[in-house]
Amino acid sequence: MLLNPYLNFDGQCDAAFKFYQQVLGGKIALRITNADTPMAEKTPPDQQGRIAHIRLEVDGGVLMGSDCPTEYFEKAQGIVLSLVFDKIADGERVFNALAKNGTIKMPFEKTFWAERFGMLEDQFGTPWMVNCEKAA
């Protein structure tokens with residue numbers, strides 16, 4: 001079984017996933033717009049370019065998402081995407097990149113459980129935790 005996060009956006013999915021690919025690396029393995037689906041003829045013209053499904057593959061992990069219909073969109077609540085790094089420099093680079101034009105909730109710093117840990121909400125409203133755990 002695989003457990004893959006799936007993010008919903010309100011028209012910003014394409015920009016968000018280009019940003020995530022730039023920050024996290026990996027490859028956008030699949031990108032389907034509403035215009036590419038069998039429902040294209042029933043989709044309003046202003047919705048054709050919205051993302052019906054996208055898949056980013058990074059180091060064996062998968063992040064997926066789409067632009068849900070505006071009337072169904074809800075901001076992410078009660079969930080955080082967690083990234084764990086072996087190297088502090090890698091964690092710090094990703095934390096700072098994700099935080100650009102976003103909101104830092106907890107600075108990336110040493111804690112009692114981690115060499116470094118921080119929390120943020122990126123410019124697209126996605127909440128993240130970046131962790132560099134202490135050696136066992």
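Which residue in β3 is the bridge partner of Thr33? The notes below get to that pair in point 3.

1. **What kind of model this is.** This is a predicted model, so to speak plainly: local features need pLDDT of at least 70, side-chain atom pairs count only at pLDDT 80 or more, and totals for chains, interfaces and linings use all residues. Residues are numbered from 1 along each chain as its sequence is written, and side-chain values use heavy atoms, with hydrogens and water left out.

2. **Overall layout.** The chain has 2 helices and 8 strands, where helices (H or I, at least four residues) and strands (E, at least two) are DSSP runs numbered from the N terminus. Reading from the N terminus, the order of elements is β-α-β-β-β-β-α-β-β-β. The C-alpha trace spans about 55 × 25 × 25 Å along its principal axes. Of the 136 residues, 38% count as buried; buried is under 20% relative accessible area, exposed is over 50%, and partly exposed is in between (1.4 Å probe, protein chains only). Among contacts (heavy atoms within 4.5 Å) with a separation of 6 or more, 50% come from residues 24 or more positions apart.

3. **The four-stranded sheet.** An open sheet of 4 strands is ordered β1-β4-β3-β2, with mixed pairing; two strands pair if DSSP finds at least two bridges between them. Its edge strands are β1 (6-9) and β2 (27-33), each pairing on one side only. Neighbouring strands here are turned by 15° against each other on average, direction ignored. Now for the opening question: Thr33 has Ile51 as its bridge partner in β3. β2 and β3 (residues 51-58) run antiparallel and are joined by 6 bridges. Arg31 also faces β3, standing opposite Ile54.

4. **The β3-β4 hairpin.** Strands β3 and β4 run antiparallel too, with 5 bridges between them, and Glu57 has Val62 as its bridge partner in β4. The two strands form a hairpin with 2 residues between them. Have a look at Asp59 in the turn, which has a positive phi of about 45°.

5. **How the helices meet.** The axes of α1 (residues 13-24) and α2 (residues 88-99) come within 10 Å and cross at roughly 160°. Axes are lines fitted to C-alpha atoms, for helices over the stretch in contact, and angles run from 0 to 180 degrees between N-to-C directions. That makes α1 roughly antiparallel to α2, a label for angles over 145 degrees; under 35 counts as roughly parallel, 65 to 115 as roughly perpendicular and the rest as oblique. Residue by residue, Phe19, Tyr20, Val23 and Leu24 in α1 meet Arg93, Val94, Ala97 and Leu98 in α2. By class, that contact has 7 nonpolar, no polar and 1 charged residues. Here Ala, Val, Leu, Ile, Met, Phe, Trp, Tyr, Cys and Pro count as nonpolar, Asp, Glu, Lys and Arg as charged, and the others, Gly among them, as polar.

6. Gln123 sits in the loop between β7 (114-121) and β8 (127-133). Is Gln123 buried or partly exposed? Gln123 is partly exposed, with a relative accessible area of 34%. Leaving aside neighbours within four places in sequence, Gln123 is in contact with Phe19, Leu98, Lys100, Asn101 and Gly102. The C-alpha atoms of Gln123 and Thr103, 20 residues apart along the chain, are separated by 7.5 Å.
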